[in-house]
Amino acid sequence: MSSSRYAAKFIRRQTDDGEMKAYWGKAGAPITLPCSISLFNEESFSLDWRKDGQLILSAFGQEQGHVTPTLQGRLARDGFLGITIHSVTDGDAGVYQCIVTKFSKQPTRPEKGLSAKLVVNVPPVIISPSKNAIIHKKVGADLIFECKAEGAPSPEITWSRNEQIISTSPVLTLSNLEEGDKGLYTCLAVNIEGNSTSSIDVRFTKATILDLIPLNKTVIEGSNVFWHCHANAQATAISYSWLFEKKPIKTTSLGLRSNIRSGDLSLQDVRKSDSGWYTCEAKNSAGETTSSTAYLHVFYPPEPLSSHQPVQTVASGRNTTVSCDVIANPTPTSYTWSKNGHYLPTQASSHIIISYAKPGDGGIYGCQADNIAGKGSIVETHLIVAEPPVFTVAPPSEIKVRLGDQVSIPCQGFGDPMPIVYWIRDKKRINQSTLTFKKVEHLDHGAYECVVANSVETISTRVMLLVEITKPQMASSIKFTCLNSSSMRISWTPGYNGGFDQTFAVHAQNDVTLQWTSIKTSLNETILDHLEPFVSYRVSIESVNAKGSTNSTTYNRRSCTSLHAPDKLYFCGYNELCWTAAEGASSYRIESRTEPSKNFQPLAEVLETYYRLGKDVDETKQTIFRVRSTRPSYPPSEPSNALRYGIADNVDLPIFMLAAVFGLLFCFACGLFAWRCFHNKNKKSKRRKSRSNSTPSKTYQDYGRFTYGDGSSSSQPGTETYYEPSLRLLDDHEWRGPRDLEPVAVRYPPSLAELDYDIGEDHPIDDMFRDRYILGVQDPPAQLYQDLRLERLRREYKQSQI
């Protein structure tokens, strides 16, 4: 056994049956798959090999065994239990497994070896693009093209141009193409078994332009038409197509008479139905289309209209018109008339007017029209002057009969041609000339119409049959008129009284309580009042005489109550409309509009007295809302008061409360600041008043002494200590003298009293010096006061030399 057969690599994998080994074979080369089962001194056994569960080899002992037909000549046992596949193909890939049955052991059981996964390495083959494929693109467009290849193992795909790799992805993507991007792009597919290449040629196309367009044409029916159409474009592959009325010409009725060759169209035996718009379309290889349209006018001679009536009848003494019913393109320019074969030179229009027709006007009229396409055929009209029908026996306009009588009403007529006679009652036809009643009944009362008609004219007369000595006929034409919300007027037209005086009774039933209300009257109207709101009533009129009574048709009529508009439309929450309920309303219709010039449109209809605005309402625009009350069978009420909604009109309540809190805090801060300012000003005023009332009692030189309560004094040369602040720069509560002594009043020296330091307005510099050098130190020097005085004078008099 050659060791090269086992050189294929393999990988162990876990399967349901145990481990699996993967073997890689090369297409066209042999490969050996070993069996992992061991045999020791076994004389009798059977060996089966299966591929993907299908038996491919079966052998007993050391025999070669039987091989499946698809592998005969290529599959053989190798050594002891293994198999060898010669000239491996990609179809041999799959999962192989050996099964050994040992007959020396009882009971016999098949033993399965490890599964072997055979992977056949196949060189790559590029499916797309095809060799030297040409791609047409526009400058500025994007190119996305995928290179598809097959092989085992899966090949790696790269794109290159000018032998430089530009993409390691199967998809080549080029955005915003420029002129420099045209050229060859090569797709390379590589795996361990080899490589394959294919290229595309990217070319740029310019817009397709028709340099020869079809023009409008006018032809005569029966002739031929030829149109030229040609496009100029960078791409050489241009396809042409023709359309008739926006449909491919080959799919229309003239498809068999048309021929398209290199953009040119020819039509044979043009017909009048071929008139219309023809479009030439030119498409390049990039799918860009340009087109041009032309109109074809087809002239044809006059032809009779399909609606022409060859026979026309006119009553004697009536007026009529005989028309030349033809169709032509263009309109006929002349007409030739004849009567009974004789030329009529006085007639040259499209019709002949006959006034007060006489028998001599009858005959056969012929008309021949003429236009630029030729003369049409003669159109004949046979005019018959006939006598209109007349009544030879006309019935009376009114006939009175008694209940149970036998009555016959004749009606006859004459005309040329002979007319037919029939009767009509309540829009129903009675096909007899004599109206016969063997026994008159109450329902026979009414109007009858006798009709006499022939092809010339139709005449009729009306007969009223009155049935007497019977109960009255029912009232008709009942009308209801609202007077107010609880009453209405009811009026009617009385029926025939049957020969006796009649009275009327109006009956109305409440549909809710089912109670009846009756009103008797001798007039033909009455008032029905005390109507309950929003209640329907069943109303009928009863006609009564000495012979009995007759009820009219029952009418359903609602009370005259009208719906009231909802009251007090307002916002009751976040984007929620509320209103006061209206009496009798079963629902409410919300209407809205966003512009004053537009009408209100229905927004929703609800049963409750509130409505929450949804997302369909634009909060950035001002919207006006109103509400109407509705109820089935009643017209909607008048609208409620209008309510505006928008950014400026509907402020959210939490936002409003937050703004109010901030407003109150701002007002409190302003008040506190004003109070502090007033308090500071008051304190300064008090200090100025205290200084003005003090009288200096010491000289400047003696102003370093402190006077105790017993009148003794102490002086320390070289040191100036002020236990009571000078110039009132320190408040009384800021005492800095010895804590065991009580301060006494000290008179300021005249020279210091003249300082008048706090006279005038405060200045930031004064505050800074006072805080830093007077209030901030334990023993401020006297010279500091003098310096402050001089600085004060310089600022006040704007002099620097003081």
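I will begin with the peptide bonds and then turn to the phi angles.

Before that, a word of care: this is a predicted model, in which local features need pLDDT of at least 70 and side-chain atom pairs count only at pLDDT 80 or more, while totals for chains, interfaces and linings use all residues. Residues are numbered from 1 along each chain as its sequence is written, and side-chain values use heavy atoms, with hydrogens and water left out.

As background, most peptide bonds are trans, and most residues other than glycine have a negative phi.

So where do we find cis bonds here? One joins Ala-152 and Pro-153, with an omega of about -5°, and Pro-153 sits in the loop between strand 14 (148-152) and strand 15 (156-161). Strands here are DSSP runs of E with at least two residues, numbered from the N terminus. Another cis bond runs from Asn-329 to Pro-330, where omega is near 0°, and Pro-330 belongs to the loop between strand 32 (326-329) and strand 33 (334-339).

Now to phi. Glu-163, which is not a glycine, has a positive phi near 65°, and its place is in the loop between strand 15 and strand 16 (164-167). Is Glu-163 buried or exposed? Glu-163 is exposed, with a relative accessible area of 81%, where exposed means over 50%, buried under 20% and partly exposed in between, using a 1.4 Å probe and protein chains only.

Ser-262, also not a glycine, has a positive phi of about 50°; Ser-262 lies in the loop between strand 26 (258-261) and strand 27 (264-267), and is exposed, with a relative accessible area of 60%.

Note on methods
Helix = DSSP H or I, 4+ residues; strand = E, 2+ residues; numbered from the N terminus.
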